[in-house]
Amino acid sequence: MRGAPTILHLDMDAFFAAAEQAAKPSLRGKPVIVGGLGPRGVVATASYEARVFGVHSAMAMAQARRLCPHAAYLTPRFPLYRQVSDVVMALLHSLSPLVEPLSLDEAFVDLEAGGTEAGVRAARTVGERLREDIRAATGLSGSVGLAGSKMLAKIASERAKPDGLVVIEPGTERELLDPLSVRTLPGVGPATAEALRRAGIHTVAETREAGEAELVRLLGRAHGASLHLMANGRDERPVVAERDAKSVSVEDTFDVDLTDRTRVQLEVARLADRCVQRLRAAGRSGRTVVLKVRRYDFSTLTRSETLRGPTDDPGVVREAAARLLEGVDTTVGVRLLGVGVSGLADFTQEDLFAQAAQAALEEAERGPDAETPEPGGAGPQEAADGAGRPRRWLPGSDVRHAEFGAGWVQGSGVGRVTVRFEEPWSEPGRVRTFAVDDPALEPAEPLPLVRPVEGEEAVGGGQPVTSSP
């Protein structure tokens, strides 16, 4: 059935923050922000309670603190997130062999390849069952979109958020798409949107009405023809299983050649930040930073620098790209700039967050503000650091006390660490304060988000999953 909703898009709701709320009963219903806590830290995920205050992913953590100072600020626990993601992806693979993961918390599924009957009712049944299975297995919610193409399925899941399901039925595509901004369409970035705006094209309807010939004239044959198809609700991109990208890159072409050196430097920094956003969305990091410069005469220069280890730190990528730019003469005019990262690894934001937390700790230890721990982990942090030195603990990290049991670090400073003792299935727990080198306090593995049935195992602590009783 042409146009039948056979493509499913799953997007877990505020994944990192939701996992932290599920693990920490005292934070449920409260604003939670996960990310790097140092001066250069960025927001990885904000809970819906924090988004009300304007906090969003990729925002500078300093700005998030100004907007929502009373939130709980936590460092990420990637081992837990990956364990939960593995469970979710296994559920998707039970629906079809064609699953295309986009990040730890997002994926496309081709239901037709899995034998699902082509029709709205069958697709809705599969989507609802998937949402129920995810909640039973992980305690978390995911939003599901179902449509006849990847583009429409993603739009549907965005409309379903949070914790919902939307099916775009055949024949309703234009009605849905027409009023939306042209930026909704895949492949329309700032440069393309600006070119369309100058031509008086702002919405999907105006894009379609412009016609293929006009779009080709404005954007080139490949881009213009593809955009015309998508404006008509047609997206021919297949679901591709086992994606293994070799690199992540972004580039912009400028209508007027850039000759001002400062402007070129600013554009390179902006492209580096966009590149890192894509890198993080894919749950990856990279070792080699690549700069691409196309001059006024279409000659293209490529420069690269290989780092000591993989990173997804925007500051590191910006600085490497700036160093590469120093060796390129741009005075003759630049028509295209690009920044990419290659040598990809299954390693994400831990390096940035650990470095940022360490920087915050050192900065706080030098100043008077280190004397009072902030609730929710906003103060300097401590984590196990090596023989002969005081142990340091990161906010949100798991601990276990010989007398009081399992808990998590709420904040620390001036040689003290504050711990809240609670478990994912308990009532909100009590807070106690210890010396950072208290021998009864030890780092611990994450607890399951869902309480295991006796004799079975659950998500967390490196174990498989089961539903709650």
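A nonpolar core is taken here as a set of buried Ala, Val, Leu, Ile, Met, Phe, Trp, Tyr and Cys residues joined through side-chain atoms within 4.5 Å. Buried means under 20% relative accessible area, exposed over 50%, and partly exposed in between, with a 1.4 Å probe and protein chains only.

Basis. I am working from a predicted model, in which local features need pLDDT of at least 70 and side-chain atom pairs count only at pLDDT 80 or more, while totals for chains, interfaces and linings use all residues. I number residues from 1 along each chain as its sequence is written, and side-chain values use heavy atoms, with hydrogens and water left out.

Core. I looked up the largest nonpolar core and found 43 residues, with Tyr81 and Leu140 having the most contacts inside it. Helix α4 (residues 78-93) gives the most to this core, nine residues. Helices (H or I, at least four residues) and strands (E, at least two) are DSSP runs, numbered from the N terminus. I then listed what Tyr81 contacts, leaving aside neighbours within four places in sequence: Phe15, Phe16, Ala19, Glu20, Val34, Pro76 and Leu104. Contact means heavy atoms within 4.5 Å.

Strand β6. I checked residues 106-110 next; five of the five are buried, so β6 is largely enclosed by the rest of the structure. Glu106, Phe108 and Asp110 point one way from β6, Ala107 and Val109 the other way. In a regular strand the side chains alternate between the two faces of the sheet.

Partners of β6. I count two strands as paired if DSSP finds at least two bridges between them. Strand β1 (residues 7-12) pairs with β6 in the antiparallel sense over five bridges, and Leu10 stands opposite Ala107. Strand β5 (residues 99-103) also pairs with β6 in the antiparallel sense, over four bridges; here Pro101 is the bridge partner of Ala107. A hairpin of two residues joins β5 to β6.

Two loop residues. Is Ser96 buried or exposed? I find Ser96 in the loop between α4 and β5, and Ser96 is buried, because its relative accessible area is 2%. Not counting residues up to four places away in sequence, Ser96 touches Val109, Asp110, Ala113 and Gly114. Val52 lies in the loop between α2 (48-51) and α3 (61-67). With a relative accessible area of 70%, Val52 is exposed.
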